[in-house]
Amino acid sequence: MQDVREIIKEKGRWEGERKGLKKGRQEGRQEERQQVVLNMLQEKADIAFIAKVTGLSEKEIQKLKKRT
């Protein structure tokens, strides 16, 4: 039978893994959204339209545009 310390460690590992996966998914979605913005800018889409479609602010889109 596991003692209390082992159970607590296991729970902590599980929580850490869960949080890590959540953060990774969020970062992945952000990177994908940025790539969509870059593709739309390449196609000469209007910045206001890109903001509406992606949920990013026009300011964020302008920053991405300057990086290219």
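Visitor: How many salt bridges does the structure hold?

Guide: The structure holds two salt bridges. This is a predicted model, in which local features need pLDDT of at least 70 and side-chain atom pairs count only at pLDDT 80 or more, while totals for chains, interfaces and linings use all residues. Residues are numbered from 1 along each chain as its sequence is written, and side-chain values use heavy atoms, with hydrogens and water left out.

Visitor: Why is the pair Asp3 and Arg5 called a salt bridge?

Guide: The term requires a side-chain nitrogen of Lys or Arg within 4 Å of a carboxyl oxygen of Asp or Glu. The closest N and O atoms of Asp3 and Arg5 are 3.4 Å apart, so the pair qualifies.

Visitor: What makes Thr54 a buried residue?

Guide: Thr54 has a relative accessible area of 12%, and because this falls under the limit for buried, the residue is classed that way. Thr54 lies in helix α2, and it touches Arg33, Val36, Val37, Met40 and Ile61, not counting residues up to four places away in sequence, where contact means heavy atoms within 4.5 Å.

Visitor: Which backbone atoms does the side chain of Thr54 approach, and why do these pairs count as polar contacts?

Guide: A polar contact is a pair of N or O atoms within 3.5 Å; within protein, one must be able to donate a hydrogen and the other to accept it, and residues adjacent in sequence count only if both atoms are side-chain atoms. The side chain of Thr54 reaches the backbone oxygen of Ile50 at 2.8 Å, and a polar atom of that side chain lies 3.2 Å from the backbone nitrogen of Leu56, so each distance is inside the cut-off.

Visitor: How do you know that the buried residues of α2 line one face?

Guide: In α2, Ile47, Ile50, Ala51 and Thr54 are buried. Seen down the helix axis, the buried residues fall within an arc of 100°, taken from the directions from the axis to the C-beta atoms, so they line one face. What covers them includes α1 and α3.

Visitor: Why is the set containing Val37 and Leu64 called a nonpolar core?

Guide: The name applies to buried Ala, Val, Leu, Ile, Met, Phe, Trp, Tyr and Cys residues joined through side-chain atoms within 4.5 Å. The largest such core has nine residues in all: Val37, Met40, Leu41, Ile47, Ile50, Ala51, Leu56, Ile61 and Leu64. The elements that give two or more residues to this core are α1, α2 and α3.

Visitor: What makes Gly55 exposed, and where does it lie?

Guide: Gly55 has a relative accessible area of 63%, and therefore counts as exposed. Gly55 lies in the loop between α2 (47-54) and α3 (58-67), and its phi is positive, near 85°.

Notes. Helices (H or I, at least four residues) and strands (E, at least two) are DSSP runs, numbered from the N terminus. Buried means under 20% relative accessible area, exposed over 50%, partly exposed in between (1.4 Å probe, protein chains only).
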